[in-house]
Amino acid sequence: MKLLRSFLVGLRDLFGKRAVDRDLDAELKAFLESSIEDKVRSGMSPDEARRAARLELGSEDSVKEAVRDVGWEMVVDGIRRDVGYGVRSLARNPSFAIVAVATLAVGIGVTTAVFSVVNGVLLEPLPYRDSDQLVRIVEKAPARTAGSPPLRRTSMRWSEMKDWGKSATTLSEMAYTLSPPITLMRGPEGSTRLSGCLVSPNLFSMLAARAHLGRTLEVRDGAAGTRVVVISFGAWQRHFDADPSIIGRAVSLKTMGPEAGLLDGTPLTIVGVMPREFDYPMSYADFWAPVTDDSKAVAWPGSGNVIARLRDGVSTSAAADEANVVGESVRPRPTSGPLAQPLPAGIRRFDVERLKDQTVDEARPALRMLAGAVGVVLLIVCANVAGLLIARGTARHREIAVRLAIGAARGRIIRQLLTESVVLALAGGILGTLVAAGGVHLLRELASLNAEGVFRISFRGVGLPRLHEISVDGAMLALATALSTITALIVGILPAVSLSRVDDVRTLGLRGSGSQGGALPTEARIRTMLVGGQVALATILLIGAGLLVNSFSKLTRVDPGWNASGVVTVYLAMPPEYPIVRKAALVEDLIREMRLVPGVENAGFTYAGPLLGLIDTLGWFVPPGRTLEEMKGNPDNPYIRSVSHDFLQTMGARLVAGRWLDERDDAAAPPVLLVNRAVVERLFGGRNPVGQMVHLDGRMDLPPQQIVGVVDDMRQGRLDAAPTPQMFLDYRQVLALTQQRSMPPPAQERLAFGFLSFVARTNGDPRALMPSLRSLVGRVDPSLGIDALVPMDELVASSLTRQRFYASVTGFFAAIAAALSAIGIYGVLAYSVGRRRQEFGIRMALGATTRDIVSMVLRRGLLLAGIGIAVGIMASVALTRTLDGMLYDLTPLDPLTYVTVGLLFAGVTSVSSYLPARRATRIDPIGALRCD
Amino acid sequence: MNEADKTSGLVQGTLDMLILRSLDLEPMHGYGIGVRLEQISRGALRVNAGSLFPAFRRLERDGQVKAAWRVTENGRRAKYYALTTRGRTTLAKATKDWQLQTRAISRVLNASLAKLS
């Protein structure tokens, strides 16, 4: 009741404020007159009485102020007025307001964006039901070479999973996914390549995933004879024009390569479309087909990926204990071979790991580093805003002293200063939200992998996991805004609080210009320390970023032994039922046709192009004069790469000795090979091996082959991995060789054709070639599928996604940090120059030269920067160790980076010291002496 | 600040009680209340305007007094404050509480060891 009444009265007074004020004025006037009358009556003269009465009443304004402070509505009203006053006073000093708001916006926005990414990837649970119960079973095996970590395997055969599920009591459910890399979908205009999975039909209910359209797979879809499939949102949009009546349509899917036959083209009915977010087991899955009881997958010799769900309350260690019992019976340890070797002490054969940890562990150290870096940025931002506010507060001492003297309550002034800080912080927060939204978008773009076809698999881990789950995190935004607001508040009231220590009269003294009176040494000291701290923190960021940028630029300049520019690469899929002869003929036709495309200078074929990282060995390589026994187990055993004779030239490889392969080196010709420089160095002691006869695979019973040339090393996998020993054989001779050794057809195809990679070189823009190459493939054989068609330089760029991401993000942070520190130094010096105008005037009047003045100011700035940089470098020595695994060809203590960053930053800080110093010299000595 | 201001010596919250008490006799305007408090206390309590007016406002908002503009005995317009029923109740309660408290306090102050044992 009382509250309601107060509320209503308050509202009335708030809106009828003018009437209330008039009433109070009249009342005060009456009070004064009564008082005067009283005093006249007791014998004072009217003038005397008037003066005495006024004295007794005191300041009318302060009485009104006190009356206004009664009641809640006046707080609202006061805030309204304060906000208005705050905005006006900020607008009077727009450069201060702009710098402060921009700094806050960048700080809040960038911090929020990065923490949103870190939080979304590392901390948020996976988007499945009770996702912390989802685990994978890991089997460990002894490493091939001593000292390396044990090998890991998480896959199982279908039958193993079934047996495991029957014996395990700690697991409530298990789901299986087998992902053949290439599946062709037969359509009216030729075949399209898809990536999909065969899954146990319980997968969707286990993850509690719902369909976007239709239904997901259900356990009944595992019955023999069921022919259904669920497609992804992406596939629905790309291949079916997002047709809303897709449910019930039939598609024909055929798996290719080693997985040929798992899906044999029997029509499957589409029963559902998954939502865009569903990404299990990979974000690029196009379809999910159930493993039915009559499916080939049931007896498939290969293994699929298995996830399991822990029963309620079961820990991973309990599940791991059980896994070591169940695992030994389901998959007994082999009695011979490398897998029979004992594991290092303390490592058990089976382990159980959470699905989330497996997904994000790889990204963890780098993201933590990023979070640390952005935390430093936020600190610098807070320091900068604090510095700005202190400077402004100092400059306003006089204004505040005046207001106190004419009767403003101290609380009122503090409140008003706080309001100004809040206005700044809110403006920064609002703009920061925009920056955060843009930043998250940008980070996702930067970190997302741009690759197609088989490269989506081979580049897995190059981008960040879980990217599509990331959005601006409200809690993070609130946190960052709160942090900067609190900083602004604490610092904002400093001038009002410190004024209680100031002699009002001295502050008011007419001697001082606005900024001179309240030069409080404490505040100047705090500001100097803040700036020094900023410089130190910025130095750390600059050095970290410098290392990452330097490492990235080394990577982009690394000589891979081939030349990406002007090259288009095409990966094809051929119908699995084609006989090998037909495939060989197709390869030949394709190379020939590609050469005829206008603009193509050269074309070639290989079983797996650069950056795919595919490697195969063929027995043990035996150089002349050595025995098989000597060479067995040799770590430098070269990998075999099947190529068309002109592939190496098309790629821009360099011939070091001997000759290239040529047209005549066909199946009927004597078998020949090229080796790379690594083979020469490691297996021939650096001597020219051209003309030597070697055994490629330890089949000493077969005639040896001749080395006809040596090419320079080529980086085949990642650009940051050192080249390995390799040998190049014409694909026609590879086929002959595998047939001579009676290898099974899949092995023949694998070694000779592999992933069917074609390359074409042009002297023009490789992108211009792409349409004609695409139509060429359809013309040669409409049943060919195009897996990837991409310019080589784009592949190179994609393969460096991760390094580019960390280098550019930290580089951006460092740039912000450096700019803020430079502004900070400028601010401190400019302020002190302003304060010492008179002193400089006197010095100049007494004969100090411009040089003297400049060097006085400059020395102070450089000292401040120098100390900051020195501290930052020392801290960097300790901190950059965390970057160790992320640097290519660079140690975390790379002296060049340290020196460059140190000098560069010293340069920037000297400029920001020099500007105020120069201003000091422009002081007119007479003017400076007179006006103050 | 006015040297004569003795309100700072007043126990927190007692100014409201004193104003209510002075209005209990008859409605009065702001200046009159100040003068009356001084007279009754024989000059011990001199309350300045900076304390009086906020107190009037507080009491009015709280519904303990009501105000109306009237003409004074000197033919001047002034804002007269008068007790409401609510104000009267508050005054009675506050007076009782005050007396209980002061009695208790003075008993403590006058206590000696002999009396306690």
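Visitor: How many residues of chain A are in contact with chain B, and how many of chain B with chain A?

Guide: Contact means heavy atoms within 4.5 Å. Here 31 residues of chain A are in contact with 27 residues of chain B. Please note that this is a predicted model, in which local features need pLDDT of at least 70 and side-chain atom pairs count only at pLDDT 80 or more, while totals for chains, interfaces and linings use all residues. Residues are numbered from 1 along each chain as its sequence is written, chains are lettered from A and ligands numbered from 1 in the order in which they are written, and side-chain values use heavy atoms, with hydrogens and water left out.

Visitor: What is the area buried between chain A and chain B?

Guide: The size of an interface is often given as the accessible area lost when the parts come together. Buried area is the accessible area (1.4 Å probe) that two parts lose on being put together, summed over both. Between chain A and chain B it is about 2300 Å², with carbon and sulfur atoms giving 54%. Glu27(A), Phe31(A) and Val70(A) supply 26% of the area that chain A buries against chain B, more than any other three residues.

Visitor: How many salt bridges and how many residue pairs in polar contact are counted between chain A and chain B?

Guide: A salt bridge is a side-chain nitrogen of Lys or Arg within 4 Å of a carboxyl oxygen of Asp or Glu. Four salt bridges are counted between chain A and chain B. One salt bridge joins Asp23(A) to Lys79(B), with the closest N and O atoms 2.5 Å apart. A polar contact is a pair of N or O atoms within 3.5 Å; within protein, one must be able to donate a hydrogen and the other to accept it, and residues adjacent in sequence count only if both atoms are side-chain atoms. Six residue pairs, both at pLDDT 80 or more, are in polar contact between chain A and chain B.

Visitor: Which helix gives the most to the side of chain A that touches chain B?

Guide: Helices (H or I, at least four residues) and strands (E, at least two) are DSSP runs, numbered from the N terminus. Helices H1 (2-15), H2 (17-41), H3 (46-57), H4 (60-68) and H5 (72-92) of chain A each supply at least two residues of that side. H2(A) gives the most, with 14 residues.

Visitor: Is Ser34(A) buried or exposed?

Guide: Buried means under 20% relative accessible area, exposed over 50%, and partly exposed in between (1.4 Å probe, protein chains only). Ser34(A), which is in helix H2 of chain A, counts as buried because its relative accessibility is 12%. Ser34(A) touches His29(B) and Tyr31(B), not counting residues up to four places away in sequence.

Visitor: What is the pattern of chain B along the sequence?

Guide: Chain B has five helices and three strands, and its pattern along the sequence is α-β-α-α-β-β-α-α. Of its 117 residues, 38% count as buried. Gly34(B), in helix H2 (residues 30-40) of chain B, is buried, with a relative accessible area of 10%.

Visitor: Where is Gln733(A) found, and which residues does Gln733(A) touch?

Guide: Gln733(A) is found in helix H24 (residues 731-740) of chain A. Because its relative accessibility is 4%, Gln733(A) counts as buried. A polar atom of the side chain of Gln733(A) lies 3.0 Å from the backbone nitrogen of Val672(A). Not counting residues up to four places away in sequence, Gln733(A) touches several residues, including Asp665(A), Pro671(A) and Val672(A).
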